[in-house]
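Biologist: I am new to this protein and would like to go through it with you. Could you put the sequence and the structure up?

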Amino acid sequence: MTVFDDLVGQDQATAVLSRAAAAAGEVIGGGRGAGMTHAWLFTGPPGSGREEAARAFAAALLCPDAGCGHCDQCHQVLIGSHPDLESVRPEGLSYSVKQTRELILRAAGAPTQGRWRVILFEDADRATESAANALLKAIEEPPPRTVWLLCAPAPDDLMITIRSRCRQVTLTTPATEAVAHVLATRDSVPPDLARFAARAAQGHITRARALALDEGARTRREAVLGIPRALTGVGECVAAAERLVKTAEEEAAAATAALNDNETSELRRLYGEGSTGKGLNRGLVRGGAGALKELEDRQKSRATRIKRDSLDSALLELVSYYRDVLAMQFGAAVELANDDLRFDLDQLAKASTPEETLRRIDAIMQCRERLAANVNPQIAVEAMMLALRP
Ligand SMILES: [Zn+2]
């Protein structure tokens with residue numbers, strides 16, 4: 001067993017990383033370690049497991065046995081408590097230059113356990129321009145034992161000056177069978193359900209796991225994929241838009257609430273107030289009120305991001321629906337993502353032309369772009385629904 005076993009369908013990346021981990025071990029032993037470098041960029045489509053791959057590599061660097069998967073070092077990395085691994089994600093919609101500078105300072109410290117100091121920078125594409133410039137400087141002049149692991153959807157998402165200093169690890173969308181196999185063997189999901197979830201999630205493992213294990217996720221998927229059928233008139237389009245935005249909000253609220261509660265009580269404990277104490281700021285030692293306010297601001301902007309992400313994944317689900325329709329219209333022999341809705345797909349395929357289907361997919365992509373540009377969700381989604389209407 002090694003730490004790379006959990007990377008589903010990523011044989012090529014695994015081979016590169018295992019070799020690099022061995023080279024890193026040579027460096028520790030005083031050798032040259034050709035193939036080891038200080039900056040890595042992990043890219044791949046959503047759900048391909050960029051962060052998981054980076055984390056496994058971090059374990060392989062910090063483990064004396066190149067990532068055995070069962071020693072203390074490996075275990076600490078995988079549960080996120082290793083003192084030499086700093087794992088960061090943007091607090092709100094992006095990394096601020098302040099957050100990045102603080103991180104760079106911490107990155108410069110010597111490793112406590114004598115191997116490497118590893119910084120795992122998730123969603124590196126979300127660094128603001130000034131944050132990216134600060135990051136570039138850090139990567140250009142790395143302390144001898146610091147390793148940066150950056151994650152982003154595609155190399156183009158980063159400034160060329162950063163990208164060109166990184167060794168790239170490209171992850172691919174894992175095959176349906178590979179994902180289904182993992183769900184069945186590791187999560188004990190019945191084979192039929194595992195295959196359904198893997199297909200519907202189109203290689204996105206986290207999503208597949210949610211569909212397999214959480215009935216709420218399956219119900220929300222059904223609601224989203226029921227939309228094309230329901231768009232019979234203008235009123236229905238407006239109602240469908242409202243429903244979609246609300247569903248995304250609910251999903252985001254559920255995801256956010258748990259995170260917020262933990263952080264707030266942790267902060268209060270830190271500043272010496274019981275988490276159930278009355279009066280938010282009373283009794284906090286000096287600085288506590290400011291820290292609490294800062295935390296609340298961060299939580300607010302994180303909530304915005306989660307809300308945007310869940311609406312976006314609902315839109316991608318709709319894209320998969322129309323892509324299935326298109327495949328049927330062309331008689332393409334491909335696996336349908338939404339095979340369970342074959343009857344609906346077939347009806348729409350027969351009642352419309354491929355040109356219409358393409359136009360609908362365009363309308364959804366345009367809606368995603370408008371949402372990314374901060375257009376009011378209700379307005380953007382309503383316009384899209386009207387364009388989807390037969
Ligand atoms: Zn180990």
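**Strands, zinc and loops**

Modeller: Strand 1 and strand 4 run parallel and are joined by five bridges. Please keep in mind that this is a predicted model.

Biologist: Which residue stands opposite T43 in strand 4?

Modeller: In strand 4, A152 stands opposite T43. T43 also has a bridge partner in strand 5, namely T170. Strand 1 and strand 5 (residues 167-170) run parallel, with four bridges joining them.

Biologist: Is strand 1 buried or exposed?

Modeller: Five of the five residues of strand 1 (residues 39-43) are buried, so the strand is largely enclosed by the rest of the structure.

Biologist: Which residues lie on each side of strand 1?

Modeller: A39, L41 and T43 are on one side, while W40 and F42 are on the other.

Biologist: Let us move to strand 3. How many of the residues of strand 3 are buried?

Modeller: Strand 3 (residues 117-121) has five of its five residues buried, so strand 3 is largely enclosed by the rest of the structure. On one side are R117, I119 and F121, on the other V118 and L120, and both faces are covered.

Biologist: Which strands pair with strand 3?

Modeller: Strand 2 (residues 85-88) pairs with strand 3 in the parallel sense over four bridges. Strand 4 (residues 146-152) also pairs with strand 3 in the parallel sense, over five bridges.

Biologist: And which residues face one another there?

Modeller: L120 in strand 3 is the bridge partner of S87. V118 stands opposite V147, which is in strand 4.

Biologist: What do strand 3, helix 5 and strand 4 make?

Modeller: Together, strand 3, helix 5 (residues 129-140) and strand 4 make a β-α-β unit, and the unit is right-handed.

Biologist: Changing topic: which residues are the protein donors of the zinc ion?

Modeller: The zinc ion has C63, C68, C71 and C74 as its protein donors, each through its SG atom, at 2.3 to 2.4 Å. Their spacing in sequence is C-x4-C-x2-C-x2-C.

Biologist: Why is the arrangement around the zinc ion tetrahedral?

Modeller: The angles subtended by the four donor atoms are 103 to 117°, which makes the arrangement tetrahedral. The cut-off requires all angles to lie between 85 and 135 degrees.

Biologist: Are C63 and C68 buried or exposed?

Modeller: C63 is buried, with a relative accessible area of 0%. C68 is buried as well, with a relative accessible area of 8%. The cut-off for buried is under 20%.

Biologist: How many disulfides are there?

Modeller: The count comes to zero disulfides, where a disulfide is a pair of cysteine sulfur atoms within 2.5 Å. Take C237: the closest cysteine sulfur to its own is in C367, 13 Å away, which is too far for a bond. C237 is itself buried, with a relative accessible area of 0%.

Biologist: Now the loops, please. Where is A66?

Modeller: A66 is in the loop between helix 2 (50-62) and helix 3 (72-79). Its phi is near 55°, a positive value in a residue other than glycine. With a relative accessible area of 33%, A66 is partly exposed.

Biologist: What about N374? Where is N374 found?

Modeller: N374 is found in the loop between helix 15 (354-372) and helix 16 (377-388). N374 is not a glycine, although its phi is positive, at about 70°. N374 counts as exposed, at 59% relative accessibility.

Biologist: And where is the place of P155?

Modeller: P155 belongs to the loop between strand 4 and helix 6 (160-163). P155 is partly exposed, with a relative accessible area of 24%. P155 and T176 are 21 residues apart along the chain, and their C-alpha atoms are separated by 25 Å.

Biologist: Finally, the overall layout. Into which domains is the protein divided?

Modeller: The protein is divided into domain 1 (10-170), domain 2 (176-213) and domain 3 (234-270 + 298-388). Between the C-alpha centres of domain 1 and domain 3 there are 32 Å.

Notes
Residues are numbered from 1 along each chain as its sequence is written. This is a predicted model: local features need pLDDT of at least 70, side-chain atom pairs count only at pLDDT 80 or more; totals for chains, interfaces and linings use all residues. Side-chain values use heavy atoms; hydrogens and water are left out. Buried means under 20% relative accessible area, exposed over 50%, partly exposed in between (1.4 Å probe, protein chains only). Helices (H or I, at least four residues) and strands (E, at least two) are DSSP runs, numbered from the N terminus. Two strands pair if DSSP finds at least two bridges between them. A crossover is right-handed if, with the strands pointing away from the viewer, the path from the first strand over the helix to the second runs clockwise. Domain bounds come from an automatic or database domain assignment. Donors are N, O and S atoms within 2.8 Å of the metal (3.2 Å for Na, K and Ca); water is not among the atoms, so sites may look incomplete. Four donors count as tetrahedral if all angles lie between 85 and 135 degrees; four count as square planar and six as octahedral if opposite donors are over 155 degrees apart and all others between 65 and 115; anything else is irregular.
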